[in-house]
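Have the viewer open as you read.

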Amino acid sequence: MITRRYILATTLLLATALAAPVHAEDKPAEIRIGTQKGGFFPAVRQRQTLENAFKPLGIEIKWIDFQFGPPLLEAINVGSVDFGYVGDSPPIFAQAGGAKIRYVAAVKSDGNTQAIVVPKDSPIHSLADLRGKRVAFGKGSSAHNLLVAALEKAGLSWSDITPAPLAPADATAAFVKGSVDAWSIWDPYLALAELKENARVIAFDKDVHKPNAFYIAGTDFVEKYPSLVAKLNTAFASEGVWADSHHEDVAKAQAEATGVDIEAVKRFVARSNYRVVPLDAEVVKSQQAVADRFAKLGLIPKPVNVSDIVWKWTPGS
């Protein structure tokens with residue numbers, strides 16, 4: 001039975017709800033950003049650009065370093081990192097594994113910062129010469145995709161080589177000792193191998209496919225704080241424009257932060273670009289080709305549709 005008291009109470013609750021202020025999205029106390037060794041991140045950190053952008057909002061910026069992409073994305077998946085930067089392959093493996101991630105921005109690489117290298121005196125002179133050879137790469141990394149694409153271009157299958165999945169530090173040691181015949185790797189490790197070991201490049205990224213890199217955020221973070229994701233993208237895009245015309249500053253900051261030889265860093269920076277853009281149809285198509293390549297070889301547990309986890313960013317919004 002609906003009583004007068006019930007009606008009055010309900011009316012009061014409704015009036016209170018309508019009168020309550022409507023809050024924009026809540027703010028986190030901090031944003032945790034995952035980075036890898038290299039890139040322009042040391043310069044961005046040194047310049048305090050993100051800290052200055054988010055401080056007025058009462059948000060701290062925390063930087064967390066990773067050796068390569070897969071563990072960074074796992075950290076995003078479990079919620080210990082909010083936002084990060086990786087190559088093309090890690091998001092494919094993460095999506096296929098059910099990770100809670102979103103593509104939020106892209107960097108269209110020129111294809112000069114990752115390559116397959118061999119020792120200077122190696123009899124390997126072409127991709128076809130990799131047949132029967134032991135090749136190191138980071139499992140689930142962009143170097144993994146480079147190796148698969150390179151074999152495909154040479155008319156070789158994955159079974160034509162002996163894969164040696166190794167993290168960069170272990171692969172470096174294996175390459176120096178000669179326990180692997182070739183190595184698919186990105187900068188700054190690539191530049192170090194060229195300068196310190198006289199490694200010889202048999203194929204750059206650009207020789208076999210069109211690579212991209214990505215800014216990734218956790219699904220929950222994107223859904224809860226879309227305006228903050230847009231602000232992060234805008235900040236990194238601005239820093240990318242600055243970095244493209246300040247290579248000397250970027251190299252110096254990276255060398256100081258990582259301890260990597262300055263000449264190797266200068267080589268890396270000179271062949272890099274840092275332009276941050278939304279994921280357009282071209283980028284999504286290219287990334288889908290990566291996913292299809294891995295699915296075809298059975299390297300991921302199931303096919304994935306890249307566009308399913310793309311977050312639409314409109315610069316200036």
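## A pair of crossing helices

Helix α8, residues 189-196, packs against helix α13, residues 262-270, at an angle of about 125°, and their axes lie 8 Å apart. Keep in mind as you look that this is a predicted model. Angles over 145 degrees would count as roughly antiparallel and those from 65 to 115 as roughly perpendicular, so α8 and α13 are oblique to each other. Their crossing is right-handed.

Which residues of α8 and α13 make the contact? On the α8 side they are Ala191, Leu192, Glu194 and Leu195, and on the α13 side Glu263, Ala264, Arg267 and Phe268. Sorted by class, this contact between α8 and α13 has five nonpolar residues and three charged ones, with no polar residues.

## The largest cavity

How many cavities of 30 Å³ or more does the count give? The count comes to one. For the largest cavity, the volume is about 570 Å³. Its lining has 34 residues, and those closest to the centre are Tyr85, Thr113, Trp186, Ala213 and Phe268.

Strand β10 has the largest share of the lining, at three residues. By class, the lining of the largest cavity divides into 14 nonpolar, 14 polar and six charged residues.

## The largest pocket

Now turn to the largest pocket, which holds about 150 Å³ of space. Eleven residues line the largest pocket, and Gln36, Lys37, Arg45, Asp65 and Thr258 are the ones that lie nearest its centre.

Strands and helices both feature in the lining of this pocket: β1 (30-36), α2 (41-47), β2 (60-66) and α12 (247-258) each supply at least two residues. Which of the elements gives the most to the lining of the largest pocket? That is α2, with three residues. Sorting the pocket lining by class gives four nonpolar, four polar and three charged residues.

Key:
Residues numbered from 1 in each chain as written. Predicted model: local features only at pLDDT ≥ 70, side-chain atom pairs only at ≥ 80, totals over all residues. Heavy atoms only, no water. Axes fitted to C-alpha atoms, helices over the stretch in contact; angles between N-to-C directions. Helix = DSSP H or I, 4+ residues; strand = E, 2+ residues; numbered from the N terminus. Parallel < 35°, antiparallel > 145°, perpendicular 65-115°, else oblique. Left-handed = near helix turned anticlockwise from the far one by under 90°. Contact = heavy atoms within 4.5 Å. Nonpolar A, V, L, I, M, F, W, Y, C, P; charged D, E, K, R; others polar. 1 Å grid on protein atoms, 1.4 Å probe; cavity = no way out; pocket = protein on both sides within 12 Å on 5 of 7 lines; lining within 4 Å. Points joined across faces, edges and corners; volume = space filled by probe spheres on them.
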